[in-house]
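Please keep the sequence and the structure at hand while reading.

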Amino acid sequence: MMRQYELVERVQRYKPDVNETLLNKAYVYAMQKHGHQRRASGDPYFSHPLEVAAILTDMHMDEATIAVALLHDTIEDTSATRAEIDELFGPDMGKLVEGLTKLKKLDLVSKRAEQAENLRKLLLAISEDVRVLLVKLADRLHNMRTLDHVPPEKRLRIAEETMEIYAPLAGRMGMQDMREELEELAFRYTNPEAYRTVTERLRDVLERNRGVIGAIETDLSDLFVKQAIYAEVKSRQKKPWSVFRKMETKALSFEQLSDIFGFRVVVANIEDCYRALGAIHTAWSMVPGRFKDYISTPKQNDYRSIHTTIVGPSRQRVELQIRTQEMDRVAEYGVAAHSIYKDGVKLANGAGHSISKDTNAYAWLRRTIEQLAEGDNPEDFLENTKLELFQDQVFCFTPKGRLIALPRGATPIDFAYAVHTDVGDTCVGAKVNGRIMPLMTELKNGDEVEIIRSKAQVPPAAWENVVVTGKARAAIRRATKNAIRKQFSGLGVRILERAFERAGQTFNKDKLKPVLHRLARKDVEDVLASVGRGELPSTDVVKAVFPDYKEERATQAQKPKEEGWFNLRNAAGMLFKVPGRSGRRKERGQREDALPIRGVQGDLPVKFAPEGAVPGDRIVGILQPGAGITIYPIQSPSLTAFDDQPDRWIDVRWDIAEDTKERFPARISVTAINAPGSLAEIAQVVAANDANIHMLSMIRTAPDFTEMLIDLEVWDLKHLNRLLSQLKDSSAVSEAKRVNG
């Protein structure tokens, strides 16, 4: 176990003016508090925070961060309190330790909602002080290094969580070395057989190619000496998880991989990066399509480097990365490499330590925090954040030259939402490189994208299955919910207007505000949407506003006005005749103030019964809780199921413009003669009449005939009757009739 003076010496190597007093005090306090506690391995518990601190010294973190690492388990696992730490180390460090404690309470769980809540807290804490992330990742790394001592079922859960969240989060923050080690350790436990196989193959390849690797390093170094470029050349081997993931995603065998080995060229400055690139491409042939310049267009995690692949000295493909020393440091340590040490200056996020808020990694973090503020539920947030974490990138441009980084597979819809949520919500089309392209087009590096907008647009719910970014998916989901809520709210207004009219009152939204508590709703729109969805009876709203109101509802005990019929009022106060046991349904006249139905594309949440309804039919609406209104033709036998639920009946009428482009559903039954070409002749009659077959099913087949059900889309009742008449005249048809229920 590392001693006190050894820890101080580790920090002094990169920060000579270290605050020894702070480190010594934190060391002694944490050791005393953890006392005789033991880890699952049997080691003293204090060895864990000490190892976490050591990991952070390798990242050259300041003494305040090292002290937090030493203290991070004290509130959770010992008698230490936040007040005590505030008094001894200051409120800034107390806040950090408490923040890490809150995270641990939900740590290592498999339930999605709890895992999502843990991620929420982590990201919120990071947004206040990035040192929370650094300590958390170092804590997770040491736990993964000692995972062998944990019970098997818990071991797998920790490894999966590490692979799903913490490793990609480290990558998003630019901490590539941390990410690779976390992935490799997790891979050992999530798929041990694959890990062993890939590791053995990599070991064999390294032994066979050791001489080739050395020769390439020498040839590259000699080239740079001739060009008077000071450069350090280092070889590297792909990690087992990286190899396995590439084999799986690209369906390659181990032998087909051409980039198991790569070489890193580290130079003094950016100018030398491009000089080195020119020298390499002059000496050896470049592999087309394998060049990427992340210096001119950095990745979102601030990674900068030039990537190229050449046919190298030994006539095999060689992958190269060219970068400066500063770029190399950022590639390894990510946000930790952006630390600025200011001796004796107390900064907003802690004593003597600051992280630049202008980095790309922080820009991503801020966008993620914005999603938190927009109120996604925990499961949606977890799903969307994972989408963001795992994606590689393409770089596209707006017409004004603004760079937009997107995940691979992104569409113009993703691009629109990346520019701004309002741009995405109003997107109706896109131009890619000056040409109008489908919104489903997969964008490529360098594409210039112009979004075509319309204020009348509402994002279709189907877009949610097309986009690949979490931001776009969350925004589409919210817009869809808002649109549906607006529809139900509009329906609720119309229902309440009629209900208040029947009560002899005038409806006004302001009348609902004083009675929200009686209706158990948070705002007026919530009341309206609940009425529209059928969750809140309109009579309850009337009674809440006018407590003395008494509903006039006829019962079967009252004398019916017609034999076999009873008068009932629905939830909107509308009068209906409902048949008794022996009565038959009769056609009813429709009131002028009935709700106007324009079809499924109108402004009401409407759908049609399975048998359909077309303009010209006498219709009635049934309020379906949570699903809007279902429209039935008045003669439908299906309506008998709602005879004892008068509150659900809604008086509706057609409101169809003459130039409407919408067809309406109808169901017909056709008995066809069993002869070759009969089905084709039926389809030809339907097509000749400008109708559309939506679905066809055979319900009974005999040697001489076949009975089939056909769901059609027609303009109106006249159109349907004309089609039925021509079907009856067809030699292939024995009978054709409309089906009602």
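## Charged pairs

Asp510 counts as partly exposed, because its relative accessibility is 48%. The model is a predicted one. The side chain of Asp510 meets that of Lys513 in a salt bridge, at 3.4 Å from N to O. Lys513 counts as exposed, because its relative accessibility is 51%.

Side chains of opposite charge can pair when their charged atoms come close. How many salt bridges does the rule count? The count comes to 27.

| Salt bridge | N to O distance | Accessibility of the Lys or Arg | Accessibility of the Asp or Glu |
|---|---|---|---|
| Arg485 and Asp523 | 3.4 Å | Arg485, 25% | Asp523, 28% |
| Lys509 and Glu525 | 3.7 Å | Lys509, 37% | Glu525, 32% |
| Lys513 and Asp510 | 3.4 Å | Lys513, 51% | Asp510, 48% |

Arg485 pairs with Asp523 through a salt bridge. This pair links distant parts of the chain, 38 residues apart. Arg485 sits in helix α20, residues 470-502. Asp523 sits in the loop between α21 (516-519) and α22 (524-532). Arg485 is partly exposed at 25% relative accessibility, and Asp523 is partly exposed at 28%.

Lys509 and Glu525 also form a salt bridge. Lys509 is partly exposed, with 37% relative accessible area. Glu525 is partly exposed at 32%.

Elsewhere, salt bridges link a network of residues: Lys234, Arg264, Arg323 and Asp328.

Strand β13 covers residues 427-432 and strand β15 covers residues 449-453. Five bridges join the two, which run antiparallel. Ala430 stands opposite Ile451 in β15.

β13 also pairs with β14, in the antiparallel sense, over three bridges. Val432 faces Arg435 of β14 across this pairing. β13 and β14 form a hairpin with two residues between the strands. Which residue of this hairpin takes a positive phi? Asn433 does, with a phi near 55 degrees.

Ile436 lies in strand β14, residues 435-437. Is Ile436 buried or exposed? Ile436 is exposed, because its relative accessibility is 64% and the cut-off for exposed is over 50%. Together with Val428 and Ile452, Ile436 forms a nonpolar patch on the surface. The accessible area of the three together is about 260 Å².

## The mixed sheet

Four strands make an open sheet in the order β19-β21-β20-β22. The pairing is mixed. The edges are held by β19 (606-608) and β22 (649-650). Each has a single partner strand, so one side of each is left without a neighbour in the sheet.

Strand β20 spans residues 619-624, and strand β21 spans residues 628-633. These two pair in the antiparallel sense over six bridges. Val620 stands opposite Tyr632 in β21.

## The antiparallel sheet and its helices

Another open sheet has four strands in the order β25-β26-β24-β27. The pairing is antiparallel. β25 (692-701) and β27 (733-738) are the edge strands, and each pairs on one side only. From one strand to the next, the twist averages 20 degrees.

β25 pairs with strand β26, residues 705-714, over eight bridges in the antiparallel sense. Met698 has Met708 of β26 as its bridge partner.

Helix α24, residues 678-688, packs on the sheet. The helix touches β24 (664-673), β25, β26 and β27. Its direction makes about 150 degrees with that of β25. Helix α25, residues 717-729, lies across β24, β26 and β27. α25 runs at about 165 degrees to β27.

Lys737 is found in strand β27. Lys737 counts as partly exposed, because its relative accessibility is 43%. What does Lys737 contact, leaving aside its neighbours within four places in sequence? The contacts are Ile668, Ser669 and Leu724. Lys737 and Ser669 are 68 residues apart in sequence, yet 5.4 Å apart in space, C-alpha to C-alpha.

Key: Residues are numbered from 1 along each chain as its sequence is written. This is a predicted model: local features need pLDDT of at least 70, side-chain atom pairs count only at pLDDT 80 or more; totals for chains, interfaces and linings use all residues. Side-chain values use heavy atoms; hydrogens and water are left out. Patches are made of residues with over 30% relative accessible area and no salt bridge: like charges are joined within 9 Å, nonpolar side chains (Val, Leu, Ile, Met, Phe, Trp, Tyr) within 5 Å. Accessible areas come from the Shrake-Rupley method with a 1.4 Å probe; for residues, only the protein chains shown count as cover. A salt bridge is a side-chain nitrogen of Lys or Arg within 4 Å of a carboxyl oxygen of Asp or Glu. Buried means under 20% relative accessible area, exposed over 50%, partly exposed in between (1.4 Å probe, protein chains only). Two strands pair if DSSP finds at least two bridges between them. Axes are lines fitted to C-alpha atoms, for helices over the stretch in contact, and angles run from 0 to 180 degrees between N-to-C directions. Contact means heavy atoms within 4.5 Å.
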